[in-house]
Amino acid sequence: MLHAVPKPVATGGRTQPVTGLILTGGGARAAYQVGVLAAIAQLRRDAGVQGNPFPVISGTSAGAINASALACHADDFDGAVDGLLHLWQGLHVDHIYRADAFEAVKSGARWLSMLSLGWALARWTRSRPRSLLDNDPLRSLLSRYLNMERIDAMLSDGHLRALALTGSSYTSGQHVTFFQTHHHVVPWLREQRMAVQARLTLSHLMASSAIPFIFPAELLDLEGMTEWFGDGSMRQSAPISPAVHLGSERVLVIGAGRMKEPEGRRTGATDVHPSMAQIAGHALSNIFLDALAVDVERLRRINRTLALLPPEARASTALRPIDLLVIAPSRRLDDLASEHQSSLPQSVRAMLRAFGVSGQGKAMSGSALVSYLLFEPSFIGELIHLGMSDTLAKRAEVQRFFGWPARAPQMDPALLRRSRSAGFAAGC
């Protein structure tokens, strides 16, 4: 994953290493990233620092949406974060997927009939659903509030070095990183993963955020041929790799789940077989969380190994240590989602009950699945607040990572009281 990295760049009279930002997937959980970014923006203002702190940005799934918003506003980091706060705090599920009673029942009924009576019946009835939910509202939302054409200007003006978005091809099985940059970058090729330089569009966002089974796949051009793409978190064995390939010397990773679960949470099995919702939530957690935890541990192990080498040995290898900072939720987001499940529209709750979501609070079954779909202000607001709190708890680490002066932050209380406006004030 690691390779030779470019020389540091001069900023404001000082030499600064190139900083990369990794924004991972996780559906509604990605609101946590916005809270982290809001706290970083405040710490940056307290330090009196100007300019975009993340010249290299890599996003996957819902993280790709946040990454693109930062990229097309790279000339105004505070404005980009403020826009994301307004956007996320105003979200409801019907901004992301069709949640009215007819659509929810229709989608759920198709899947249940297909699962109970088999593909033959689905074929006979000419009802072959592409996904559990219809995410056309998300496409409409993003088309209004993200101007992907602006990314090229940010690259030209030097506010941004590179943006990378990832997707997974159902057609070829390849995991693909699509990246846009004006720097010379040799596209990389590894086992079952590759990189392609492209002009990034709304279609890349829709593909990267197409959660498997839940949202439909998207057609994208790949080296002159069209392929069906789904969520970039699938088969993503090295989430940090794109930022390093694109020139990052230090990397901030914002996760969407606990990097390590606390001890003592194991309980014995009951006689009740796991529901489809429990199994689906477990599978999604594997897709969205596990690869990142493994890659973080791999990078830390490589850094420790390089630190043991004598200077002459380190000089003879192309590998370089990558400074790493990870900020991830301090709470289980499954548990947090179980506290807010009742805020979902009744039609969505009915559909989820058909898949085995039941109970409430800590006794709730299927809360992991719910956490990816709970685009409602009560849950989103808690995630944003948690992201802010977790980042401020790591204030000293964040300041050391960026080389900012260690001042006590003056957190703007207005950040916690944002209105529920669902759009950027002036677009992106």
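Visitor: At what angle do helix α1 and helix α15 pack, and how far apart are their axes?

Guide: In this predicted model, where local features need pLDDT of at least 70, side-chain atom pairs count only at pLDDT 80 or more and totals for chains, interfaces and linings use all residues, helix α1 (residues 31-46) and helix α15 (residues 377-393) pack at about 40 degrees, with axes 7 Å apart. Residues are numbered from 1 along each chain as its sequence is written, and side-chain values use heavy atoms, leaving out hydrogens and water. Axes are lines fitted to C-alpha atoms, for helices over the stretch in contact, with angles from 0 to 180 degrees between N-to-C directions.

Visitor: Why are α1 and α15 called oblique to each other?

Guide: Angles under 35 degrees count as roughly parallel, over 145 as roughly antiparallel and 65 to 115 as roughly perpendicular, the rest being oblique; the angle of α1 and α15 is about 40 degrees, and the pair is therefore oblique.

Visitor: What makes up the contact of α1 with α15, by class?

Guide: Contact means heavy atoms within 4.5 Å, and the residues that meet include Tyr32 and Leu43 in α1 and Met388 and Asp390 in α15. By class, the contact has 14 nonpolar, 3 polar and 1 charged residues, where Ala, Val, Leu, Ile, Met, Phe, Trp, Tyr, Cys and Pro count as nonpolar, Asp, Glu, Lys and Arg as charged, and the others, Gly among them, as polar.

Methods. Helix = DSSP H or I, 4+ residues; strand = E, 2+ residues; numbered from the N terminus.
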